[in-house]
Each structure stands twice: as C-alpha cells, then as structure tokens.
Amino acid sequence: MISEKRVVVAGGLGFIGSHLVSRLLRQDNDVVVIDNGITSGGRTLDRHSRLEIADADVTMPLWIEGHVDYVVNLASPASPEDYTALPLETLRAGAIGTEETLKLAARHEAGYLLASTSEVYGDPLVTPQNEGYWGNVDPIGPRSMYDEAKRFAEAMTVAYSRSKGVRVSIARIFNTYGPGMRSTDGRVVPTFLSQATRGLPLTIHGDGSHTRCYTYVTDTVEGLLRVLEHGTTGPFNLGATEEVSVLELARLTIDISGSTSSIVHRAGRPGDPRTRKPDIRVAQEELGWNPLISLSEGIKLTLDSGLGIAAVD
C-alpha cells in the first residue's frame, strides 16, 4: 500500500482523479493536485493538511518544490461531450501535457503513471481486447482527438523510459462510473440515471446493441494504485468484464431506480465502437487485481450518492 509518499496528481479535480486523491490522503500520503479546472465542472476537494492544489495547465512547464515520489497523469478531457468541445485542448494535453508531466517526474527521479484508455483500441476487431492488440483507430474520425492523444501519450511515455530512464507505468482504463460524475457529463451511466430519476425517457443512440463493460470507480482507483506500486511499464488493462449492451444497461437502470421512464432511440453516433471488453489476465496475474463491484451494485451505490458532482470520502 502506497503510504507516507508525496504524489503529484495531474487532473486531480476530475472524476477519477478526485477519487484517487481522496484514497491517497486516506493512506497518509501528501498530495499535490495540478488542474486548470477546464472540465472539472466546479468540483472541489475538502481542505486537508496534506493536500496542495495548484491551478496550473499541464501544457506549461511544471515546477514543484520539494521531493516528489510519484507523478500520476490523468490530465485530459475524458467524456465525449468534453473532448468533442475541446479537441485542440485534448490533443495538447495528450502531447505537450504528457511530456511536461514526464519532465517533472524525470527532474524528481519519481515514478510515473500514465492514465491511458481503452479508446486506444478504437473500434476493435477482436474481443476481448488484450494489451498486445494494436487497435483499430480512425486517425481523422470524430473521436480521433481523444484516441490519438492517448496513443501518442503512451508512445511519449515509453520513449522517456527508454531514452531518459524514467520509471513509467501505463494503465488503460475502461468505462468507469460512480459517485461524483456530472449529470451532464454525456457518458451513458450518469445520463441514464439523471433521466430515470426525473422520469424522462432514457435516450439510446442507435439500436442499443453496442456493448461495454462498466467499472465502478473504487475498483479503477485500486487498480491504478496497484499499477503505480508495481512500477513496471505494462500496459495494464483495468476494467470489469461483465459485458452488457446499452439497451440492457437502460433496462437495468430503470429497474434499479424504480423509474417509470420509457426508452427512446435516436440516430447513432458516428465512430461509436460496437464493442469494448477487456482481457484483464495481466492485471490479475501481475497485480492481483480484480474488480469487486458488480454493475447492479455499482448503479445502486451511484444512485444512492445523488447526481451531479457528489462528495467523495
């Protein structure tokens, strides 16, 4: 367990970042958050004697006084709504932001963790996707700003490891949900919960046959910490393996929430991958990591937390 360390978390005001910061603080670490708030939606973290928050942009040179044990880079718009609205910012975060955070790690001889994404697999031609699969990504498609930013970030990360000796790790995060997501985030779980609790129709883009595996945020955070502590490059897939269609998710959300909402279909979204399911054997064998929260349990926990930006403990 990582404890009594000083950890810099770029993007620490984001959804996953804020949960990671809270967990690190509970484990008696000192945490420095770097975030410009561009997609945090006003999220704040409770004051803590071991927490520093810097309003800074990762695409600019980063200077942290004192020693640093680890740098974790989660700095990027992550929802389709955000990265579609901020394409250039997303690309710069993946390219320039990754290098600036790597430079920070190099100066402090710190371990480095890149939070990458399952989007590097694009619209996969194989399922489940293992870490050796190179992906099927459209470099000029409607999602390319995020997909290619993360693919470049991975390349930059391993280049710094090979050329400058930085100790790096890469985690490929699959669809993650839980308390603290914005109800206007645009991703399917908070959208469905928001619609269901207000009695509005649940909106599905396409026929609903697209499949995903949804990971509860505490499981993702546990995986990130295990990757960071393990200290090897990876990459490591972090995701649940319970594959459900979007239509099944909508029906489950209605059932768990007790909503009377109907389901409506809209035109499909261009470039939306048909399937996404991780092969997590590497994480299981090397990290001893397995997701613990089932989808139905996680939806109940998220629903009980309330919608909008919820507090994280």
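**Reading the sheet, the helices and the rings**

A: Let us begin with strand 5, where 7 of the 7 residues are buried, so strand 5 is largely enclosed by the rest of the structure. Please keep in mind that this is a predicted model.

Q: Which residues of strand 5 lie on one side and which on the other?

A: In a regular strand the side chains alternate between the two faces of the sheet. In strand 5, Gly-111, Leu-113, Ala-115 and Thr-117 lie on one side, and Tyr-112, Leu-114 and Ser-116 lie on the other. All of these residues are buried, and both faces of strand 5 are therefore covered.

Q: How many bridges join strand 5 to strand 6, and how many join strand 4 to strand 5?

A: Strand 5 and strand 6 run parallel and are joined by 6 bridges. One of the residue pairs is Ala-115 with its bridge partner Ala-171 in strand 6. Strand 4 (residues 70-73) is joined to strand 5 by 4 bridges, and these two also run parallel. There, Val-71 has Tyr-112 of strand 5 as its bridge partner.

Q: Over how many bridges do strand 1 and strand 2 pair?

A: Strand 1 (residues 6-10) pairs with strand 2 (residues 30-35) over 5 bridges, in the parallel sense. Ala-10, for example, has Ile-34 of strand 2 as its bridge partner.

Q: How should I read the length of a helix, and what does helix 1 reach from its first C-alpha to its last?

A: One compares the span with the value expected at 1.5 Å a residue. Helix 1 (residues 15-26) has 12 residues and reaches 17 Å from first C-alpha to last, close to the expected 16 Å. Of its 12 residues, 11 are buried, so helix 1 is largely enclosed by the rest of the structure. Among the buried residues are Phe-15, His-19, Arg-23 and Leu-25. Just after helix 1, Asp-28 takes a positive phi of about 65 degrees.

Q: Which elements do the buried residues of helix 4 pack against?

A: First, its length: helix 4 has 21 residues and reaches 29 Å between its first and last C-alpha, close to the 30 Å expected. Its buried residues, including Met-145, Ala-149, Ala-153 and Val-158, pack against helix 2 (80-85), helix 3 (87-108), strand 5 and strand 6. Helix 4 is followed by Gly-165, whose phi is positive, near 75 degrees.

Q: How many aromatic pairs does the count come to?

A: To read such a pair, one considers the ring centres and the angle between the planes. The count comes to 4 aromatic pairs. The ring centres of Tyr-121 and Phe-174 are 6.2 Å apart and their planes are at 35 degrees, so this pair is tilted. Tyr-121 lies in the loop between strand 5 (111-117) and helix 4 (144-164), and Phe-174 in the loop between strand 6 (168-173) and strand 7 (176-177), so the pair ties together parts 53 residues apart in sequence. Tyr-121 and Phe-174 are both buried.

Q: Why is the pair of Tyr-177 and Tyr-216 edge-to-face?

A: The ring planes of Tyr-177 and Tyr-216 stand at 70 degrees, with centres 5.6 Å apart, so the pair is edge-to-face. Tyr-177 in strand 7 and Tyr-216 in strand 10 (residues 215-216) are 39 residues apart, and the pair links distant parts of the chain. Both tyrosines, Tyr-177 and Tyr-216, are buried. Ring pairs also link Tyr-121, Tyr-133 and Phe-174 into a cluster.

Q: Is Asn-237 buried or exposed, and which backbone oxygen atoms does its side chain reach?

A: Asn-237, found in strand 11 (residues 236-238), has 0% relative accessibility and therefore counts as buried. Its side chain reaches the backbone oxygen of Gln-129 at 3.0 Å and that of Asp-279 at 3.1 Å. Among the residues that Asn-237 touches are also Tyr-121, Phe-174 and Trp-289.

Methods
Residues numbered from 1 in each chain as written. Predicted model: local features only at pLDDT ≥ 70, side-chain atom pairs only at ≥ 80, totals over all residues. Heavy atoms only, no water. Buried < 20%, exposed > 50% of the residue type's maximum accessible area, 1.4 Å probe, protein only. Polar contact = N/O pair within 3.5 Å; in protein donor to acceptor, adjacent residues only side chain to side chain. Contact = heavy atoms within 4.5 Å. Pairing = 2+ DSSP bridges. Expected span 1.5 Å × (residues − 1). Phe/Tyr/Trp six-rings, centres within 6.5 Å; stacked < 30°, edge-to-face > 60°. Lists of a residue's contacts leave out its neighbours within four places in sequence.
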